[in-house]
Amino acid sequence: MKSKKLSIIKILLYFLLVLISSKGIATPSTIYEEQTINITKNLRCLICQGQTIHESNSDFAESMKKYIQGELKNGKTNDEIFKSLVEKYGQWIVYDPGISKNTLLLWTLPLLLFLIGGAIITRKILKKI
Amino acid sequence: MTSIFIFLNSSVQIKRNVTVVSGKIAGLIGFQFFFVFISFISLIYSFIISDFSNETVYNNSHTTKPLFYKITGTWGNHEGSLLLWLLVLTGVLLGFILKSRNEPINYRLLTTLFHQIIVIGFFVFVLKTSNPFNEIFPVQKEGLGLNPILQDPALGIHPPILYLGYVGTSIIFSAALASMISNNVNKSWAKKIKFWILFSWIFLTAGILLGSIWAYYELGWGGFWFWDPVENVSLMPWLSLTALLHCVVTLEKRELFKNWTVVLCIITFALSMVGTFLVRSGILNSVHTFANDPSRGIFILTFLLVLVLLSFVIFVFYENKNFVQKSEIFTLSKETAVLINNWFILYFLSVVLIGTIYPIFLDVILDEQISVGPPFYNKLILPFLIPFVLFMSIGPSMKWIKTNFRIGLKSFLVIIITLILSFMTIYFIGEKNIFVLLLFIGFFYLLIKSLDQFSKKTKNFAQIFSHTGFSLLLISILLNSFSSKEIVKNIKVGESFALKNEKIIFKKITIEKENNYESIIGFFEILDEKNKIINLKPEIRIYNEPEMATSEASIKTSLFKDRFITINIIKDQNFFNVRYQHKPFMIWIWISTLIIILGGIFAIFRKNKEVNI
């Protein structure tokens, strides 16, 4: 059995090595494009019905895409861009509700329920042993 | 002519009072179903002949539409879809009564009673707020037409299939309350009700699948699930049905979790009512919201609260008196596995529920608008999926009552194959995130463990298929989301661009005229890495009634990836906006869902076989 375990570790290590060494090379312009896609995928197109800016072809979405790419080229970080957009359009525009005073319950309530559920189940199982 | 049918409908309402007392319930319920059926058929007929004296037809149909879309237009609107709701509601009751001939008369009567409460509620709702047979005067010559994005074959049959599952949960609710009162929650009840749970579950799964396929090719951006509130609303009953399915098996085999099964039955139907409320009230902004009318929302909300309160009262009164848990649960047993399954599924359910309704409450109470989108669901669901699939992998090998685990050579082999597969996949898609790796390990482990069940002596095909399907679904979704590639270009006819090793050439444009729309068709040639030519023909359709442009994707499906292209006109410019995508393993998302459904069908079949013996 021991040799098997060892061989697993060897395979693991091998693959990790391959993974680390296989970094792709990307040109700056494609980086901006990819980053823009990543950002716009998390933004709501305000004039559409349930579409992201990335998916939409509306005038609003198109101008937003240009704007964001421009901001990236100006050296702004993702967080800065999100922040300025939220200031301008409100929290409605970002699909990630983030953690704030208003959304605290949104994030914690499901987790709390999970813990309660776990407690109930543990009690149920352990009760009669 | 049509108003006669409404009258008949209301007369059926009165009949239900007789229903409860009378011994010949089946006949009366058949009668009720028959009348709803006639109303439904006559509405379809009004749509077919384009009877524009009917308000619903006028608002949602047009003479130039193809016959198929005239028919599907019947339920492509608020009023018609509610009539469909009623049809299914009365239909499942009829089915239940016919199927339950050998069961206690008290139980059948009580089920009918509870079900009739729901039926009356919806009858009143239809008649008061959304009568499909309202007349308009003067009679119009032409209708306003159906929303073009609803004019699609998959979406044509999506509502009836989905409703069979969605509204089918009502009978589970009624039967659960009835069996609780008549002290009938036991093995044989579990066996019987399992049919209806499976029935709803299969149709709901199929309905969701159809909706996703439609979203994929019709909405034009290549996604199939966006955690849109309306999608969530269909997922929630599905989750609780899935939990219920596992729970009811435990009840059947071990007479355990009686109260919990009943609670799940109630939750399931309550969720489908919540869904109806959210979608029909117009609170949500989506293609499913046909009209915005607050009175409808208030009605459903009140009705929902009444039903929940009713079931709560019944539950409190009949709960502990009747069921005392006699058998104990061992830690290593299938019972524990089912509990863990329910625990996780209910957690996922709570994430979806809270994510869907929290923004509404926040808006109402604090007047603040937030969007809860994919990032929220991903963060709260994905980490929990890993332990969930691990439990799901081990669960089926557990035995009822008590299991003795042996870790043999085979377990190691399974783990090694899992690791190799996961690392290869990760390497192949070039993803370096350790979390993604863990997800793949979990999913592949589930896949192999599920397939391994084939080697067992006693095979449970229902479980093997649905679990295998589920693991394949997770793997394909994960692969799809990590290795999708896309490029968006604004180009003119004759120009070309490249994605990876492929060249996309914009050949020409033609314009064709159909009866109810005009279409601009782009001809594209794709040269793949082996220089093979693939032709794609995306369209822009400009519908005349109502006037609206839609973009029709052109998709070339292969075993490992879909090539997906859409075009759009750019205002005042002579070039086109072209979006070309590689969507890997798309077909596997559909196939694996079909495998899941197949598992459900096996379960129904298996049940029948047992009854025969």
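Biologist: How far apart are the centres of domain 1 of chain A and domain 2 of chain A?

Modeller: Taken over C-alpha atoms, the centres of these two domains are separated by 35 Å. The domain assignment of chain A gives domain 1 as 27-96 and domain 2 as 98-129, bounds of this kind coming from an automatic or database domain assignment. Residues are numbered from 1 along each chain as its sequence is written, while chains are lettered from A and ligands numbered from 1 in the order in which they are written. This is a predicted model, in which local features need pLDDT of at least 70 and side-chain atom pairs count only at pLDDT 80 or more, although totals for chains, interfaces and linings use all residues.

Biologist: What makes a residue part of the contact, and how many residues does each chain give?

Modeller: Two residues are in contact if their C-beta atoms, placed from the backbone, lie within 7 Å, and the contact takes 35 residues from chain A and 41 from chain B. On the chain A side, ten residues, the largest share, come from H5(A), that is, helix H5 (104-126). Helices here are DSSP runs of H or I with at least four residues, and strands are runs of E with at least two, numbered from the N terminus.

Biologist: Why is strand S1 of chain B called an edge strand?

Modeller: Two strands pair if DSSP finds at least two bridges between them, and the open sheet has the order S1-S10-S9-S8 in chain B, with antiparallel pairing. Strand S1 (485-491) and strand S8 (554-557) of chain B each pair on one side only, so they are the edge strands. In S10(B), B:Val578 is the bridge partner of B:Lys489.

Biologist: What makes a set of residues a nonpolar core, and where does the largest one lie?

Modeller: A nonpolar core is a set of buried Ala, Val, Leu, Ile, Met, Phe, Trp, Tyr and Cys residues joined through C-beta atoms within 7 Å, where buried means that 20 or more other C-beta atoms lie within 10 Å of a residue's own. The largest has 156 residues, and B:Phe443 is one of those with the most contacts inside it. Helix H9 (residues 187-218) of chain B gives 18 residues, the largest share. Domain 1 (1-151) and domain 2 (392-483 + 588-594) of chain B both give residues to this core, so it lies between them. A second, separate core of twelve residues includes B:Phe524 and B:Val578.
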